[in-house]
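Here is a short briefing on one protein chain. Please look over the sequence and the structure first.

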Amino acid sequence: METGKPSPHTSPVFKSQRGAVFYLVTLVFVGVDLLQTFLMQGAVPGMTEPRMTGIVALFFFAVIAAYYRLTGQLKIASIVLIAVAYAGSVYASLKQGGSPAPTLNYVPFLPIVTTVLLGRSAGAISLHLSIVAIIFCTYAAQTGLAPPSPHTIEELRLLLASGGVLLAIGVTAYAIIYENLILKAVKEAEGAKREVEQKADALEQSQEFLATVMDAAHDAIIASDASGKLSIFNHAAREIHGIDAQPLDSQDWPSTYSLFEADGETPMKLENVPLFCAMQGQKVIGRQMAIAVPGREVRFMTANATPLYNDKKELIGAVATMRDVTKEHFQEEKIRSQNREIDHFARVASLDLQAPLNRIIMTSEALIKSPEIQASAKTRTDLAAVTAAAKKMGALIKDVLYMSRLPIGEISLQPVVVRDCIEAAIDLADLSEADCRLDFRFTGSHDVMADPHSLTHVFKNLIENAWKHSMPGVRAHAEFTCIVEDGAAVLGVKDNGPGMSREQIDKLFTPLERLRTDDDAGGTGLGLAICRKSITRMGGEFWVESEPGQGCHFRMRLPLAAEQAKIAS
C-alpha cells in the first residue's frame, strides 16, 4: 500500500517498486546492525553501550517497517529510516573513537538509498549530510572530542574489513535488485511503447477511415469546436462552397461561405447560421437556406445542426449537415406554378358555371312572384324545385372547387384561438338560435396550430351538418367540446341527430357518398370529406364517434401552439 505522492524527481523505474526497495534497504541496515552488535562485539562481555545502541537501532528499524506496513506512508517512513541510520552511524562512530569508524562505511551508501526512495533533491541533501558526518567524525577523533577507541589496532582493522565486506554485500545485493528492476522497467517501457505505437497506428487508420467516409458522403458535413474553429469540412462541403475550411472568426462565416436565406437573395445573418445556432446550444432541424457563390448558380439546401457535449455535459462544439435540394426546389416551384394555373382555371370554370345557375335561380324566383304563376300551384312547385336544384348545383360546384384546391392551396399554420374560429363559423352559417341551439363545453381556452380560414370552414360544415341532419320535430343542437390529451387539443362538435352504424361510418368520408337518399337533408356529399382533408393537411386527425340514435360526435386532434413553440425552441 502506497499513499504518499511520489516526488517529481523520483526515478520512474521505482515508481511501482519503491515499497520493495524500502523493505530491502531496511533489511540491509538490520543485517549490518546485527553483525556489528552481536558478532563483532561478541568478545566483549555484558551489555556494553555500543551493544545497547545496536539493539535500540534494531528496535527503531522494526518500528519504522511496521509503521509503513500499517499506514503506507512511504515518504515519512523513508525520512525516519534515513535519519535513524545517520544518527546511529554518527553516534556509534563517536563511541568507537571517531574516524575511521566502521559504522561510517555505509554512510556513503545512504545518498543512493535516499535518491531512490525520496528523489534526486533528497539524494543531493543526503550526499552533503554524509560528507559532513565523515568530516565531523574525523575532526572529533583528531581533536579528542570522541572518546578513545576501546579496540586495538588489529581489532579496528578487523572491524573496518568486516564493515567493508558488509557494505560490499549490501551494495551488491542492492545493485542486483536495482538492475533487475531496471530491466523490468525497460521491458515494461518497451511494451508500453509498442502499445502506444499500435494505438497510434489504429488511431491514424481510424482517422483515415473517418475522413474517407466523410468525403464519400453526399451531404455536406461541417463541424467546429467550442471556439468556432472548423475541424471537419468534407468533400461535399468544399464542393458546395467552392473553398476549403478557412481559419476565420465565426462572424465572417456568412460572407466567406456565401450563406443566404431560403430565397437565395437575402444574405443570412450570423444568428441564423445553423452551425452557429448549434454552438449556442440550439438544435436546428430542416432549415431552408441557399449557397450563392459568385459566378455560380444558386444552390438550395436543407440544413440540420446539433450541439456536441462531453460526458460532463459541457459544450465542446457543434456539427451541421447540408443536403442539396436544388433539384427538388425547382421541381416544387414548377409544381406550384402548375397548381396556380390549375387554380386559376378552376376559378374561371366555376364562375362560368355559376353564372347560368344564378340566372336560372333569379329567373325562377322572379317567375314565382308573377300573377300568372301564382294562380297555378303546380307551376309554383315546379319552379321552386328548379330553384332548389340550381342552388344545390351551385353549392356542389363551390364544394368541388374548394376540395380540388385543398391539395394545392396555400395554408398558413399559426397559433389560432379555437373559439374565434367557431364564432366566425356561426356567422358564416347564418343560423339563428331558433334553428339550432349552440353550446360550448370547453375545459379551458387553448390555442392550436392551424390555418384559421380552413379551421373556420371545418366548423361551418359541422354546424350546418348538425342542422341539416337533425331528427324530425326535434330542435337541432350542436355542442362544441375541447379537451387536452398528450400535448394536443381534441376539438369536437356533438349533435343530436339520428346517429349512425359502424357500416355507415366506414362510408362517411367518401366524397359524394350520401347516407340519406331523400332530398330533405340537402348537402352535397362533400362536406365531411372536406373536413377530414383540411384537418389532415394541417397535421391533425379527424374522426367520428357515433351510435344509432345517439347523435354524432365529430372530433379532431390538432397540436397545441404552446407545445409547438417548445419543440421549435
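The model is predicted. Six strands form an open antiparallel sheet. Among the packed helix pairs, α14 and α16 are roughly antiparallel, whereas α13 and α14 are oblique.

**Annotated transmembrane regions**

- An unreviewed UniProt entry places the feature "transmembrane region" at residues 20-40, 52-70, 76-94, 106-136 and 156-177.
- Residues 52-70 are 100% helix and 0% strand in the model. The end C-alpha atoms of residues 52-70 are 27 Å apart.
- Residues 76-94 are likewise 100% helix and 0% strand. The end C-alpha atoms of residues 76-94 lie 27 Å from each other.

**Helices α3 and α4**

- Helix α3 covers residues 74-95, and helix α4 covers residues 109-118.
- The axes of α3 and α4 come within 10 Å and cross at roughly 170°. An angle over 145 degrees counts as roughly antiparallel, so α3 is roughly antiparallel to α4.
- On the α3 side, the contact is made by Lys75, Ser78, Ile79, Ile82, Ala85 and Tyr86. On the α4 side, Leu110, Pro111, Val113, Thr114, Leu117 and Leu118 take part.
- By class, the contact of α3 with α4 has nine nonpolar residues, two polar and one charged.

**The six-stranded sheet**

- The strand order is β2-β1-β6-β5-β4-β3, and the pairing is antiparallel.
- β2 (230-233) and β3 (259-260) stand at the edges. Each has a single partner strand, so one side of each has no neighbour in the sheet.
- β3 and β4 run antiparallel and are joined by two bridges. Phe260 has Ala290 of β4 as its bridge partner.
- Ala290 also stands opposite Phe300 in β5.
- Strand β4 (residues 284-291) pairs with strand β5 (residues 299-309) over six bridges, in the antiparallel sense. Arg287 has Ala303 of β5 as its bridge partner. Val284 stands opposite Ala305 in β5.
- β5 and strand β6 (residues 315-324) run antiparallel, joined by nine bridges. Leu308 stands opposite Gly317 in β6.
- The hairpin of β5 and β6 has five residues between the strands. In this hairpin, Lys313 takes a positive phi near 65°.

**Helices α13 and α14**

- Helix α13 (residues 418-429) packs against α14 at an angle of about 55°, with the axes 8 Å apart.
- α13 and α14 are therefore oblique to each other. The crossing of α13 and α14 is right-handed.
- α13 contributes Val418, Cys421, Ile422, Ala424, Ala425, Ile426, Leu428 and Ala429 to the contact. α14 contributes Pro452, Leu455, Thr456, Phe459, Lys460, Ile463 and Glu464.
- The residues of the contact of α13 with α14 divide into 12 nonpolar, one polar and two charged.

**Helices α14 and α16**

- Helix α14 spans residues 452-468, and helix α16 spans residues 527-537.
- The axes of α14 and α16 come within 9 Å and cross at roughly 150°. α14 and α16 are therefore roughly antiparallel to each other.
- The crossing of α14 and α16 is left-handed.
- From α14, the contact draws on Leu455, His457, Val458, Asn461, Leu462 and Asn465. From α16, it draws on Gly527, Leu528, Ile530, Cys531, Ser534 and Ile535.
- This contact has seven nonpolar, five polar and no charged residues.
- Leu455 of α14 takes part in the contact with α16 and in the contact with α13.

Notes. Residues numbered from 1 in each chain as written. Predicted model: local features only at pLDDT ≥ 70, side-chain atom pairs only at ≥ 80, totals over all residues. Heavy atoms only, no water. UniProt positions renumbered as here; feature names shortened; annotations may be inferred. Helix = DSSP H or I, 4+ residues; strand = E, 2+ residues; numbered from the N terminus. Axes fitted to C-alpha atoms, helices over the stretch in contact; angles between N-to-C directions. Parallel < 35°, antiparallel > 145°, perpendicular 65-115°, else oblique. Left-handed = near helix turned anticlockwise from the far one by under 90°. Contact = heavy atoms within 4.5 Å. Nonpolar A, V, L, I, M, F, W, Y, C, P; charged D, E, K, R; others polar. Pairing = 2+ DSSP bridges.
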